[in-house]
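Open the model in your viewer and keep the sequence panel beside it. The stops below tell you what to select next and what is there.

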Amino acid sequence: MRAVVILAHCILNQSVVIHGWERAIGAFPFVKTLPSELNIVQLPCPEFMVLGPKRPPLEYADYANLTGFRQACDQLLRPVIAELNQYATNQVKVLGVIGIAESPNCAIRGQQGVFMQEFFKLCQLTQLEMPYLEVPVDYPDMTQIFMAQLSQFLEEK
């Protein structure tokens, strides 16, 4: 069976991250360990798309209260959700989404990011089941633990 995993934008492209806040050079190294037959859907980066590359560092509350930001997230996500639903109804297994721990937009556990709140809301509205995993804040220091979690995440499906 064909399968797809959804990744937060900066997992593949750190150039959208505020300069000096990058967690990797280029893509996160774990991406190279993903099975070659696994397909990837890259989520758009709402911070970059709405505020641009020279945005100031903002926290969850800043994005949550930013006029029009949730609507912009919704607009960015609707084509992605439509794509994922096409996969799900056409024999492509949607394995889940990998977010970024403690991101104001792409965190999933704890204080869920604004973008992920909108993502999961749209998944729920379209009855799209969406398992998840997060890249830890201390990646790559926690690489071994994260790699075990990633392996389990991919195998459970």
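**Stop 1: a charged pair on a helix**

Select Lys 121 and Glu 118. They form a salt bridge, with the closest N and O atoms 2.9 Å apart. A salt bridge here is a side-chain nitrogen of Lys or Arg within 4 Å of a carboxyl oxygen of Asp or Glu. Both residues sit in helix α5, three residues apart, so about one helical turn separates them. Helices (H or I, at least four residues) and strands (E, at least two) are DSSP runs, numbered from the N terminus.

Before going on, note that this is a predicted model: local features need pLDDT of at least 70, side-chain atom pairs count only at pLDDT 80 or more, and totals for chains, interfaces and linings use all residues. Residues are numbered from 1 along each chain as its sequence is written, and side-chain values use heavy atoms, leaving out hydrogens and water.

Now show the surface. Is Glu 118 buried or exposed? Glu 118 counts as buried, at 6% relative accessibility. Lys 121 is partly exposed, at 41%. The cut-offs: buried means under 20% relative accessible area, exposed over 50%, partly exposed in between (1.4 Å probe, protein chains only). Arg 70, Glu 118 and Lys 121 are linked in a network of salt bridges.

**Stop 2: along helix α5**

Select residues 114-125, which make up helix α5. Pick Cys 123 in this helix. Cys 123 is buried, with a relative accessible area of 1%. Which residues does Cys 123 contact, leaving aside its neighbours within four places in sequence? They are Ile 81, Leu 128 and Met 130. Contact means heavy atoms within 4.5 Å. Draw a C-alpha to C-alpha distance from Cys 123 to Ile 81: it reads 6.9 Å, although 42 residues separate the two in sequence.

Move to Phe 119. Beyond neighbours within four places in sequence, Phe 119 is in contact with Leu 43, Leu 77, Ile 81, Leu 84, Val 97 and Met 130.

**Stop 3: the nonpolar core**

A nonpolar core is a set of buried Ala, Val, Leu, Ile, Met, Phe, Trp, Tyr and Cys residues joined through side-chain atoms within 4.5 Å. The largest one has 50 residues. Select Ile 11, Phe 30, Ile 98, Phe 119 and Met 130, which touch the most other members. At least two residues of this core come from each of β1, α1 (9-12), α4 (69-88), β3, α5, β4 and α6 (143-155). Helix α5 gives the most, with seven residues.

**Stop 4: the sheet**

Switch to cartoon view. The open sheet has four strands in the order β2-β1-β3-β4, with parallel pairing. Two strands pair if DSSP finds at least two bridges between them. At the edges stand β2 (39-42) and β4, each with a single partner strand, so one side of each has no neighbour in the sheet. Neighbouring strands are turned by 25 degrees against each other on average, direction ignored. Axes are lines fitted to C-alpha atoms, for helices over the stretch in contact, and angles run from 0 to 180 degrees between N-to-C directions.

Select strand β3 (residues 92-100). Eight of its nine residues are buried, so β3 is largely enclosed by the rest of the structure. Six bridges join β3 to strand β1 (residues 2-7). Look for Arg 2 opposite Val 92, and Leu 7 opposite Ile 98. Four bridges join β3 to strand β4 (residues 132-135). Here Ile 100 has Val 135 as its bridge partner.

α6 lies across β1, β3 and β4, running at about 160 degrees to β4.

**Stop 5**

Select Arg 109 and Glu 134, whose side chains meet at 4.0 Å, N to O. This pair links distant parts of the chain: Arg 109 is in the loop between β3 and α5, and Glu 134 is in strand β4. Arg 109 is partly exposed at 42%, whereas Glu 134 is buried at 7%.

Finish on Glu 47, in helix α2 (residues 46-51). Its side chain meets that of Arg 55 in a salt bridge of 3.6 Å, N to O. Glu 47 is buried at 12%, and Arg 55 is buried at 5%. Other contacts of Glu 47 include Tyr 63, Phe 69 and Ser 103.

Technical notes:
Right-handed = clockwise from strand over helix to strand, strands pointing away.
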